[in-house]
Amino acid sequence: MASSVDFVQYIADQCSGAGEIVTKKMFGDYGVYCNGKIFALICDDCLYVKPTEAGRRLLRKEVLRPPYDGAKDYFFIADVDDRDYLSELVRQTCKELPEAKVKDRKKGNDHLLSSFS
């Protein structure tokens, strides 16, 4: 079962106190980004946050589950109605996540240019 657009928007709104929240459809479900860093997945209308030590300290109840078959365990967040809690969880989680890698779209196409020179 895929996630509903309404649920995805609700989660984005609830996390918006942490920064710029963007959701991207991925394989029928969604990746959730804050200021360019992917920090969570929404699968089957459930929120899964990447595990970090900072996040673990904030959790009200630690529940680890894979968001889909074959995935690593993420923190399953059942309480999505507390906006301040979610925003702080996102802020602290993102502090520990690596910076997003910027892809060079031109890289790998250099050989095409040289054949026209």
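1. Among contacts in the protein chain with a separation of 6 or more, 54% are between residues 24 or more positions apart; a contact here means heavy atoms within 4.5 Å. Bear in mind that this is a predicted model, where local features need pLDDT of at least 70, side-chain atom pairs count only at pLDDT 80 or more, and totals for chains, interfaces and linings use all residues. Residues are numbered from 1 along each chain as its sequence is written, and side-chain values use heavy atoms, with hydrogens and water left out.

2. On the overall layout, the protein chain has 4 helices and 6 strands, in the sequence pattern α-β-β-β-β-α-β-β-α-α. These are DSSP runs numbered from the N terminus: helices are H or I with at least four residues, strands are E with at least two.

3. Now burial and surface. The protein chain has 117 residues, and 38% of them count as buried (under 20% relative accessible area; exposed is over 50%, partly exposed in between, with a 1.4 Å probe and protein chains only).

4. Two strands pair if DSSP finds at least two bridges between them.

5. Going through the pairings: β1 (residues 21–26) pairs antiparallel with β2 over 6 bridges, and Thr 23 has Val 32 in β2 as its bridge partner. β2 (residues 29–34) is joined antiparallel to β3 by 5 bridges, with Tyr 30 partnered by Ile 42 in β3. β3 and β4 (residues 46–49) are antiparallel over 4 bridges; Leu 41 has Tyr 48 in β4 as its bridge partner, and Cys 43 stands opposite Cys 46 in β4.

6. The β1 and β2 hairpin has 2 residues between the strands, and Phe 27 takes a positive phi near 55°. The β2 and β3 hairpin has 2 residues between the strands, with Asn 35 at a positive phi near 50°. In the β3 and β4 hairpin, again with 2 residues between the strands, Asp 44 takes a positive phi near 50°.

7. Of its 7 residues, 6 are buried, so the strand is largely enclosed by the rest of the structure. Lys 37 lies in β3 (residues 37–43) and, at 10% relative accessibility, counts as buried.

8. What lines the second largest pocket? Met 26, Phe 27, Asp 29, Tyr 30, Ile 38, Leu 41, Cys 43, Tyr 68 and Tyr 74 do. β2 and β3 are the elements that give two or more residues to this lining, and β3 supplies the largest share, 3 residues. On a 1 Å grid over the protein atoms alone, a pocket is an open set of points where a 1.4 Å probe fits, with protein on both sides within 12 Å along at least five of seven lines; lining residues have an atom within 4 Å of a point.
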